[in-house]
Amino acid sequence: MTTAEIISATGKYLMNTYGRYPIAMTRGKGCWVWDADGKKYLDFVTGIAVNNLGHCHPKVVKAVRDQSKILMQVCNLFHIDQQAEFARILVQNSFADKVFFCNSGAEANEGAIKLARKWGEANGGRYKIVHARDSFHGRTLGALSATNKKYQQGFKPLLAGFKPVPYAKIEPLEKALRDKKICAVILEPMQGENGVIIPYRNYLKEVRKLCRKNNALLILDEIQVGIGRTGKLFAYEHSGIKPDIMTLAKALGGGIPCGAFLATDKVAKHFTPGVHGTTLGGNPLAMSAGIAVLNTIAEEGLLDNTASKGEYFLQELDSLKDTYGKLIKDVRGRGLILGIEFRKKEKAKEIVTKCMEKGLLTILTEQRVMRILPPLIVSEKEIDYAVKIIRETLGEV
C-alpha cells in the first residue's frame with residue numbers, strides 16, 4: 001500500500017486515539033526509517049525512546065529469530081530459563097534484589113503502585129501515593145491517577161489516595177509526607193513528556209532523605225530514561241541515591257513489548273503467590289530480546305557513546321542560540337534525551353513539522369519543546385546532519 005492508502009485505512013478502521021503525523025513507516029535500519037513511498041528519514045524519535053539500539057539491530061534480530069524457533073510463550077505457572085537469566089542481569093547491574101516482568105510501562109507502574117500499597121498495608125496501613133503534578137506514568141487508571149491532570153480529563157473518578165506536588169520543589173513534598181498514610185513517592189528522575197526537565201542537582205538526594213525519615217518508599221519511573229538513555233544504564237545513578245522500586249519498559253525489549261519493576265528484598269517480600277500476575281509478561285521471546293539488548297549495550301560500549309555523543313549534540317544545539325535566540329528559549333538534556341524549548345508554541349510546531357518534511361523525525365511535547373531521542377548507536381556524522389536540518393529550518397521560519 002502507498003502512504004495515502006495506509007492513512008486512509010487507518011482513519012477507516014482504527015480508533016482515533018492518536019494525533020498521527022501523515023507518514024506511514026514500513027522499514028527501518030540503524031538510525032534510519034523509510035516510509036511506504038520510499039522516502040528516508042533520520043529517526044530521532046526512536047519509537048519514543050524504545051529503539052535504543054536503532055532499528056533491527058542484528059543481535060536483537062538473531063535473539064528473537066533463534067528463540068522463536070524454540071519456544072515463544074508459556075505462562076508464569078512454570079519456570080522460564082530466559083526470565084531467570086534476564087532478571088539476574090538486571091539485579092546484578094542495579095540496586096534491586098528482585099524483578100517482576102510485564103508487558104509495558106503503564107503495567108510496570110501499576111505493579112509498582114500495588115507493591116507499594118502491599119508494603120504499606122504491613123507498615124501502619126499506609127496506602128497514599130505522592131506524585132509530581134506534571135508527571136507522566138501511563139494511561140491505565142492506576143498509573144493515570146499519578147499522571148498530569150490534563151490526561152485525566154473524562155476518566156474520573158480515578159484511583160483514590162494520590163497526592164500531587166510540584167516537581168523539583170522540596171518544601172511541598174516535605175509537607176505532603178507529614179501524612180502518615182503515605183506509603184510511597186513516585187517520580188521520574190528526569191521528565192521527558194513534560195518537556196525534558198532535569199531537576200536541580202541534589203533534588204533526588206533530598207527526596208530520598210525525606211522518604212527514609214517518613215518511612216515512605218521511593219519509586220523511580222525510568223521507563224523513558226532507563227536502559228542507557230542518559231549515559232548511565234539507569235538515570236538514578238547520576239544522583240548518588242538508590243530507590244526502593246524502579247519501573248522499566250520502552251527500550252527494555254529492543255522493540256519487543258517488555259516491561260518490569262524491580263525492588264529490594266525488604267519490599268519485594270510482600271508480594272506472595274497470587275497477589276499479582278500477568279499472562280504474557282516475561283515470555284521467552286521478550287526475555288531473549290531483553291538479554292540481547294543489555295548484553296549489546298555492554299559489549300558495544302554504548303553507555304560511553306551515549307555520554308560523549310550526547311555532550312557533543314548538546315553543544316551543537318546550544319550554539320544555535322547565538323543566531324536564533326529570538327526563537328530558542330532554552331536547550332537542555334542529558335545523554336541522548338535532548339530538548340529545544342522555543343519561545344512561541346506556534347513556531348515550535350512549525351519547526352518540528354518542517355524538520356520532518358526535510359527528513360528529520362523529532363517529537364513536539366508540551367507544545368513548545370522539540371524532544372530529540374536518537375538511538376544510542378548514533379554517529380557524529382548523523383548528529384551533524386540533524387543539526388544541519390534544524391539550522392536550515394530555523395533560518396526559514
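**Exercise 1. Determine the volume of the second largest pocket and describe its lining.**

Step 1. The second largest pocket has a volume of about 810 Å³, where a pocket is an open set of points on a 1 Å grid over the protein atoms alone, at which a 1.4 Å probe fits, with protein on both sides within 12 Å along at least five of seven lines. The volume is the space filled by probe spheres set on the points.

Step 2. The model is a predicted one, in which local features need pLDDT of at least 70 and side-chain atom pairs count only at pLDDT 80 or more, while totals for chains, interfaces and linings use all residues. Residues are numbered from 1 along each chain as its sequence is written, and side-chain values use heavy atoms, with hydrogens and water left out.

Step 3. The lining of this pocket (residues with an atom within 4 Å of a point) consists of 29 residues, of which N76, Q83, V99, F100 and F101 lie nearest the centre. Two or more lining residues come from each of helix 4 (81-92), strand 4 (98-102) and strand 10 (259-263), the helices (H or I, at least four residues) and strands (E, at least two) being DSSP runs numbered from the N terminus.

**Exercise 2. Find which backbone nitrogens lie 2.9 Å from a polar atom of the side chain of D43, and state how far away the nearest side chain of opposite charge is.**

Step 1. D43 belongs to strand 3 (residues 40-43), and this residue is buried (under 20% relative accessible area, with a 1.4 Å probe and protein chains only).

Step 2. D43 has no salt bridge, a term that requires a side-chain nitrogen of Lys or Arg within 4 Å of a carboxyl oxygen of Asp or Glu; the nearest side chain of opposite charge, that of R229, is 9.0 Å away.

Step 3. The side chain of D43 does have a polar atom 2.9 Å from the backbone nitrogen of V45, and likewise one 2.9 Å from the backbone nitrogen of T46.

**Exercise 3. Locate A49 and I227, give the phi angle of each, and decide whether they are buried or exposed.**

Step 1. A49 lies in helix 2 (residues 46-49), and its phi is positive, at about 65°, although the residue is not a glycine.

Step 2. I227 lies in the loop between strand 8 (217-221) and strand 9 (245-248), and this residue, also not a glycine, has a positive phi of about 55°.

Step 3. A49 counts as buried because its relative accessibility is 1%, and I227 counts as buried because its relative accessibility is 1%.

Terms used: Buried means under 20% relative accessible area, exposed over 50%, partly exposed in between (1.4 Å probe, protein chains only). Lys and Arg count as positive and Asp and Glu as negative; His and the chain ends are not counted. A polar contact is a pair of N or O atoms within 3.5 Å; within protein, one must be able to donate a hydrogen and the other to accept it, and residues adjacent in sequence count only if both atoms are side-chain atoms.
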